[in-house]
Amino acid sequence: MTSETKASRVLLAFLLVGAAAAAGGHDDAVARRTMEEFAGFPASDGGEGPSTAFRVDSEGLQRQIDELASFSDSPAPSVTRILYSDKDVQARRYIKGIMNQLGLAVREDAVGNIFGRWEGSEAVLGAVGTGSHVDAIPFSGKYDGVVGVLGALEAISLLKRSGFQPKRSLDVIMFTSEEPTRFGISCLGSRLMAGIEELAQSLRKVVDNQNVSFLDAAESAGYKMHPEDLQSVFLKKDSYSAFIELHIEQGPILEKEGIPIGIVTAIAAPASITVEFEGNGGHAGAVLMPARNDAGLAAAELALAVEKHVLESGSIDTVGTVGILQLHPGAINSIPSKSHLEIDVRDIDEKRRNDVIEKIRRSATEISKNRGVVLSEFKIINQDPPALSDKSVVEAMEFSAKQLNLEYKKMISRAYHDSLFMARVSPMGMIFIPCYKGLYSIRPSPFSYSHKPEEYASPEDMANGVKVLALTMAKLSLE
């Protein structure tokens with residue numbers, strides 16, 4: 001062990017003990033055992049540790065979140081920030097500015113994944129990564145993804161203020177387009193980093209709903225590339241020894257149970273399906289009911305079939321959503337001649353989820369026959385496998401939470417995240433903090449937790465998440 005690594009281990013041990021002592025949970029004997037356990041050698045009696053420096057700048061973090069929220073195409077308190085839009089470009093510039101202020105080495109890949117690196121003393125080793133996204137679906141909140149980027153930068157700042165020196169480099173990543181809003185592709189940046197060749201090929205020709213190609217949109221944001229440049233985003237083997245994402249829970253469990261930290265053990269497997277029916281349109285008054293081939297009613301029947309098949313799966317972990325249902329021509333006095341549905345099915349069990357998808361397919365075929373309409377499309381856009389958190393990363397997160405005297409709950413993530421794809425190239429883990437119904441909620445609702453303007457995370461909970469993240473990264477960087 002080098003003297004620099006030894007010093008960092010001693011420093012981090014002091015930080016762990018000091019942070020826990022501040023919460024009133026460690027006596028001197030326990031403190032000594034903690035330091036010796038972590039450092040790997042007897043603790044020194046001399047001097048006071050730098051634990052007083054281990055304080056999250058909660059006011060600064062909230063200020064940054066509020067400032068980032070101002071880069072929005074919808075009025076406050078909502079946030080709308082779509083991939084490669086002017087507001088997205090401004091947000092990217094803002095994040096890079098903070099990275100530069102922290103002295104991180106900043107780089108971007110071909111599609112705009114942004115990396116801020118704190119180089120370690122043994123930079124040839126795989127880095128410890130963290131990060132999330134800052135793009136936002138229309139009229140959403142200001143914490144989703146953002147806590148995992150700005151919170152990660154505060155974690156780096158916290159370790160720097162504390163005098164810690166990493167052995168493995170520490171990377172903060174701002175992933176491009178976690179949300180599927182513009183091109184219908186979720187986790188676009190992290191999927192590419194995971195080396196998904198099919199995505200690299202499809203991005204050469206995909207267009208948005210304004211018929212703007214991905215390559216043209218990227219160029220408008222300053223990312224001019226040739227199609228073959230997409231493969232350059234693929235991560236090299238062993239680029240990361242671990243990846244940890246800090247995120248709001250986006251659900252009610254932590255809030256309801258009063259638990260400050262969630263440690264994610266698995267991420268549910270999402271699948272996206274598009275379905276189209278074609279029938280015979282006509283005048284809403286002139287065509288009698290027995291003579292109709294209504295594509296709209298076929299879509300409505302399939303939407304109810306999705307709910308039925310999900311509920312029949314036998315597991316509370318199976319969920320299905322018809323998030324988009326469009327009718328053509330879309331006039332009140334016209335029988336729909338075409339319908340378009342987009343269906344989201346998720347489960348922690350891949351086989352169970354795929355069984356539901358097959359039942360939905362059979363229902364779509366049966367409905368088309370019964371109603372005399374054409375099932376013109378049933379296309380599975382993506383059918384990703386679930387991801388399990390790595391045991392060593394989970395143990396590091398648990399260790400940090402325990403040393404901070406923070407109660408935690410092991411749980412699964414039913415929402416997908418960039419971690420789902422980072423798990424393909426690195427040992428992965430996630431830290432959840434509670435997400436509340438928020439300051440702007442007009443009426444109580446058990447579902448108003450995320451993807452809404454009233455989304456909220458408290459400064460105290462964010463500070464807890466940042467500290468767990470900082471200690472986990474520090475611990476993993478020394479291994």
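**Rings, a histidine and a helix**

Guide: Ring pairs join Tyr-84, Phe-183, Phe-214 and Tyr-223 into a cluster. Keep in mind that this is a predicted model.

Visitor: How many aromatic pairs are there?
Guide: The count comes to eight aromatic pairs. One of them is Tyr-84 with Phe-214: the ring centres are 5.7 Å apart and the planes are at 50°, so the pair is tilted.

Visitor: Where do Tyr-84 and Phe-214 lie?
Guide: Tyr-84 is in the loop between strand E1 (79-81) and helix H4 (86-101), while Phe-214 is in helix H8 (residues 214-220), so the pair ties together parts that are 130 residues apart in sequence.

Visitor: Is Tyr-84 buried or exposed? And what about Phe-214?
Guide: Tyr-84 counts as buried because its relative accessibility is 4%. Phe-214 has 0% relative accessibility, so Phe-214 counts as buried too.

Visitor: What about the pair Tyr-436 and Tyr-456?
Guide: Their planes are at 55° and their ring centres 6.3 Å apart, so that pair is tilted. Tyr-436 and Tyr-456 are both in the loop between strand E17 (428-433) and helix H14 (459-477), 20 residues apart.

Visitor: Which lysines lie over a ring face?
Guide: Lys-160 lies over the face of Trp-118, 4.6 Å from the ring centre. Lys-475 lies over the face of Phe-399, at 5.1 Å from the ring centre.

Visitor: New topic. Where is His-417 found?
Guide: His-417 is in the loop between strand E16 (408-413) and helix H13 (419-422). At 0% relative accessibility, His-417 counts as buried.

Visitor: What does its side chain make a polar contact with?
Guide: With the side chain of His-247, at 3.5 Å. Apart from neighbours within four places in sequence, the residues in contact with His-417 include Glu-178, Cys-187, Glu-245 and Met-430.

Visitor: Last one, helix H5. How many residues does it have?
Guide: H5 (residues 146-161) has 16 residues. From first C-alpha to last, H5 reaches 22 Å, close to the 22 Å expected at 1.5 Å a residue.

Visitor: How many of those residues are buried?
Guide: 14 of the 16 residues of H5 are buried, so the helix is largely enclosed by the rest of the structure.

Visitor: What follows H5?
Guide: Gly-163 follows H5, and its phi is positive, near 90°.

Terms used:
Residues are numbered from 1 along each chain as its sequence is written. This is a predicted model: local features need pLDDT of at least 70, side-chain atom pairs count only at pLDDT 80 or more; totals for chains, interfaces and linings use all residues. Side-chain values use heavy atoms; hydrogens and water are left out. Helices (H or I, at least four residues) and strands (E, at least two) are DSSP runs, numbered from the N terminus. Buried means under 20% relative accessible area, exposed over 50%, partly exposed in between (1.4 Å probe, protein chains only). A polar contact is a pair of N or O atoms within 3.5 Å; within protein, one must be able to donate a hydrogen and the other to accept it, and residues adjacent in sequence count only if both atoms are side-chain atoms. Contact means heavy atoms within 4.5 Å. Rings of Phe, Tyr and Trp (its six-membered ring) pair if their centres lie within 6.5 Å; planes under 30 degrees apart count as stacked, over 60 as edge-to-face and the rest as tilted. A charge sits over a ring if NZ of Lys or CZ of Arg is within 6 Å of the ring centre and within 35 degrees of the ring normal. The expected span of a helix is 1.5 Å times one less than its number of residues.
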